[in-house]
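Please work through each task before reading its solution.

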Amino acid sequence: MFGGSGSIESGSTTVLNTTFKSTSIRLDPRGGYFFADKLAAGLTLAYDFQKSNVGSSFSEPSQSLGIGPFVRYYFLPTEKRVNILAEVNGAYSRVFDADAGALQYGFLGGIALFLNSTVALELLPGYRAYNTYGDVKSKKNSFVMNIGLQIHLERDRDKN
């Protein structure tokens, strides 16, 4: 399978005991393989653009680029046009314009609507957490709304 998703995240970031409201836009191209029936794993690239504010003051926007694994499971039989899935993912990211990196993990769950036998449109709400280290130490917890498009190569619709 290959494809990608985009998400908007809303949450809070804590830096030096100060909590900021933050909003992020994220793009996640990915590629994976079905290792077992309905169970896929692979790698995701993660580009993140974040802007934070405390009160009426805004911080400088930050950007990061990362890579990490994902594992997802589809709960319904493969011949179903609508399927329910859950995903766990993680990534190591490098923050641009700072000597900082971030470890992140997330949990998503939602639906995949198959437009035909191989292409699925996905709507996956979830949770994502970041821990940044280096010059900038911060923690971020976010609610995520992921919208994606996945292409499932050689999808066998007759298996249960």
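**Exercise 1.** In this predicted model, determine how many nonpolar, polar and charged residues line the largest cavity.

*Solution.* 
Step 1. Sort the lining by class: the largest cavity has 1 nonpolar, 5 polar and 5 charged residues in its lining.
Step 2. Identify the residues that form this lining: they are Arg26, Asp28, Arg30, Thr44, Gly68, Glu87, Asn89, Gly90, Ala91, Gln104 and Arg128.
Step 3. Assign the nonpolar class: Ala counts as nonpolar, and Ala91 is listed in the lining.

**Exercise 2.** Describe how strand E7 pairs with E6 and with E8.

*Solution.* 
Step 1. Strand E6 (residues 82-95) and strand E7 (residues 100-114) run antiparallel and are joined by 14 bridges. Within this pairing, asparagine 83 has alanine 112 in E7 as its bridge partner.
Step 2. The hairpin of E6 and E7 has 4 residues between the strands, and aspartate 97 in this hairpin takes a positive phi near 60°.
Step 3. E7 also pairs with strand E8 (residues 119-134), in the antiparallel sense, over 13 bridges. Here leucine 108 stands opposite glycine 126 in E8.
Step 4. The hairpin that joins E7 to E8 passes through 4 residues.

Terms used
Residues numbered from 1 in each chain as written. Predicted model: local features only at pLDDT ≥ 70, side-chain atom pairs only at ≥ 80, totals over all residues. Heavy atoms only, no water. Pairing = 2+ DSSP bridges. Helix = DSSP H or I, 4+ residues; strand = E, 2+ residues; numbered from the N terminus. 1 Å grid on protein atoms, 1.4 Å probe; cavity = no way out; pocket = protein on both sides within 12 Å on 5 of 7 lines; lining within 4 Å.
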